[in-house]
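This report describes a protein model in terms of its overall dimensions, its charged side chains and selected backbone features. The sequence and the structure are shown first.

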Amino acid sequence: MYWTKSAVIAAAILAFTATAPSTSIAAAQSTSTTIAQAIKDQPTGPEWWRHAVIYELYPRSFQDSNNDGVGDLKGITSRLDYLHDLGIDAIWITPMYPSPGIDYGYDISNYVAIDPLYGSMQDFDNLVAEAKKRDIRIIMDYVINHTSDKHEWFIESRSSRDNPKRNWYVWHDGKGQTATDKGQPPNNWQSWFGHSAWQWDEKTRQYYYHYFYVEQPDLNWRNPEVHKAMDGVLDFWMQRGVAGFRIDAVSRLFEDPQMRDDPYLPGHNAYGDRNIQHKYTDDLPQVHDVLKEVRKVVDKYPGNPVLVTEADEPNVQALTKMYGNADEVQLPMDFQIADVNELSAPRFRELFHQIENNSAHGQPEFFFSNHDQRRQWDRYGDGEHNDQIAKLMAVLELTARGTPQMYYGEELGMRTTDPARVEDVHDPIGKLGWPKEKGRDGERTPMQWDATPQAGFTTVQKPWLPIPPTSTKYNVETESKDPDSIYNAYKRLLSLRKTEPALRDGAQIGINNDDKDVFAFVRTTGDASIVVALNMSGKPQKIALDWKSIGVTGTKLAPLYSSPKFSTDSGDRLELPPFAALVAKIE
Ligand code: NOJ
């Protein structure tokens, strides 16, 4: 598993501290929350990104058009009808720029070109144009913290100490360095991918800093020339018609100028290093200046460009800062919710309440899977009812107020399929940390289009990652014929988001806030109200849904989606089957 910051902190610190009691939600609500107040606190608006569903697509694995075993841009274009039919409004494509591929595209050697592995710039322009015809927007990955060591900027930077680009990266002398001895790394800062974050460079006899792989040197964001060059990257893609950017690893842009050692935490990571709190290399206040600058650059263009951040912040306060004063990011990804990692009604209730009522009144952004995390089918499944739980998670993701972000194949119930042997691993952290850390190949396997041996992804015998054996059952073709499939649950829910005003624009207010098994909430515009009830336990649950407590009138339920099907004839009194999910109008 690739540890996100919130997961690390949860594991290493929260175990030692008391968490705030969640009873505060009930108290806060019954005394002060009225529908009118919630509508005021949770603003909606006409901007497209408030109503969009974003689909993250890993280009290597979506569709191969030239049969080399690797997905490509023409492949994506050929599947736009599928995405449109599913109900997707925007796709975020992970990097497809030229790259040596050490970090599978996140080590970029040219920000303003397309890697020939994925096609040409013409293929890209064609993709944007074809997507536009289907009302689908394209969001690019903006990898801002580091480049590849093969980027010409770094090649220049490391060529001599007085090269004009020397200061585009973070260089430092070693501790105790002499004319003949490189000494020790400048301090104890650690790479996210294991071991020291400092790499000795013999030619110019200094260390350079890399938060991620050695081959990913960090840009020096204290240098105005770096700002200028990177702003130019934004202009380049905006002028080609993209709708915005997902900003990679944004909290890691700045390091402590005093170079203080990070504090150690208990225990060791999968690479054998002592756990560390990245206190002096994460979330420095200057990050927000950069976000404001990025906002200004993209706002020169029409169409309400969106900024999404990879913001694996440890708490809602840190996450809320990313909205700025509506002058930074519209959609900071909520890693706290993604990382709950258990079906816990109280935990989800608390975290949803926090983000829905964030003090910046910002739009929440939810997801449960991505290219760095084990797929949700495995993480939330109990080993027995995983398909049912996958539908429940779909309801949670697609009915909460906010912008949902899906990961390709989650609509099929794709599961994590790890390499069986270390020699099959592609992702370098999987080699370094095997068997504790198997890397991220498991969540990046090819999209499952049909039940054929190559799953409709390619025709070659050996695609870049193997086709999971479960693809014979979990694939688009097979599941579209089954009304009860995970795929059809997604389709139905995605269409409800478009047709139901309460799901589109309504505020979200929790009900039955003391229930430890059922997470229930109402989405309401005042005129129209919909209740969502999720039984997060493996036992039937009797519940009297208390929407009256928040001032919603109505006595009958008109189900819009339920899985499994069960009776709602007695209105607010329900018996929810194990892991049941209900979405119903209150009439
Ligand atoms: C976050 C990306 O999501 C991940 O895949 C990558 O390895 C790191 N950033 C480094 O770029």
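## Cis peptide bonds

Pro435 is located in the loop that runs between α16 and α17. The peptide bond joining Trp434 and Pro435 is cis, with omega at about 0 degrees. As throughout this report, the geometry is that of a predicted model.

A cis bond also leads from Ser563 to Pro564, where omega is near -10 degrees. Pro564 has its place in the loop between β18 (557-563) and β19 (573-576).

## Overall architecture

The protein comprises 19 helices and 20 strands. Its radius of gyration is 24 Å, close to the 25 Å that the globule rule gives for 587 residues, so the protein is as compact as a globular protein of that length. Taken along the principal axes, the box filled by the C-alpha atoms is roughly 85 × 55 × 50 Å.

Of the 587 residues, 61% count as buried. When contacts between residues at least 6 apart in sequence are considered, 69% join residues at least 24 apart.

## Charge and salt bridges

Side chains of opposite charge can pair when their charged atoms come close. The structure holds 37 salt bridges.

One of the salt bridges is formed by the side chains of Asp85 and Lys491, with an N to O distance of 3.0 Å. This pair links distant parts of the chain: Asp85 belongs to helix α6 (residues 80-86) and Lys491 to helix α18 (residues 486-499), 406 residues apart. Asp85 has a relative accessible area of 45% and is therefore partly exposed. Lys491, at 26% relative accessibility, also counts as partly exposed.

## Buried and exposed partners

Are Glu310 and Arg246, which meet in a salt bridge, buried or exposed? Glu310 is buried, with a relative accessible area of 6%, and Arg246 counts as buried at 1% relative accessibility. Their side chains meet at 3.6 Å, N to O. Glu310 sits in the loop between β10 (306-309) and α11 (316-321), whereas Arg246 is part of strand β7 (residues 244-248); the two are 64 residues apart, and the pair links distant parts of the chain.

Asp517 forms a salt bridge with Lys516, and the closest N and O atoms of this pair are 3.1 Å apart. Asp517 has a relative accessible area of 15%, so the residue is buried under the 20% cut-off. Lys516, by contrast, is exposed, with a relative accessible area of 60%.

## Two buried loop residues

Thr445 lies in the loop between α16 (428-433) and α17 (476-480). With a relative accessible area of 1%, Thr445 is buried. Which residues are in contact with Thr445, leaving aside its neighbours within four places in sequence? The contacts are with Ser61, Tyr408, Met414, Thr417, Leu465, Pro466 and Pro468.

Ser251 is found in the loop between β7 and β8 (264-268). Its relative accessible area is 0%, and Ser251 is accordingly buried. Between Ser251 and Asp546 the separation is 295 residues in sequence and 41 Å in space, C-alpha to C-alpha.

## Positive phi values

Asp283 is not a glycine, yet its phi is positive, at about 60 degrees. The residue is placed in the loop between β9 (274-276) and α10 (286-298). Asp283 counts as partly exposed, at 30% relative accessibility.

Asn304, likewise a residue other than glycine, has a positive phi near 55 degrees. Asn304 lies in the loop between α10 and β10. At 41% relative accessibility, Asn304 counts as partly exposed.

Conventions: Residues are numbered from 1 along each chain as its sequence is written. This is a predicted model: local features need pLDDT of at least 70, side-chain atom pairs count only at pLDDT 80 or more; totals for chains, interfaces and linings use all residues. Side-chain values use heavy atoms; hydrogens and water are left out. Helices (H or I, at least four residues) and strands (E, at least two) are DSSP runs, numbered from the N terminus. The radius of gyration is taken over C-alpha atoms; the globule rule is 2.2 Å times the number of residues to the power 0.38. Buried means under 20% relative accessible area, exposed over 50%, partly exposed in between (1.4 Å probe, protein chains only). Contact means heavy atoms within 4.5 Å. A salt bridge is a side-chain nitrogen of Lys or Arg within 4 Å of a carboxyl oxygen of Asp or Glu.
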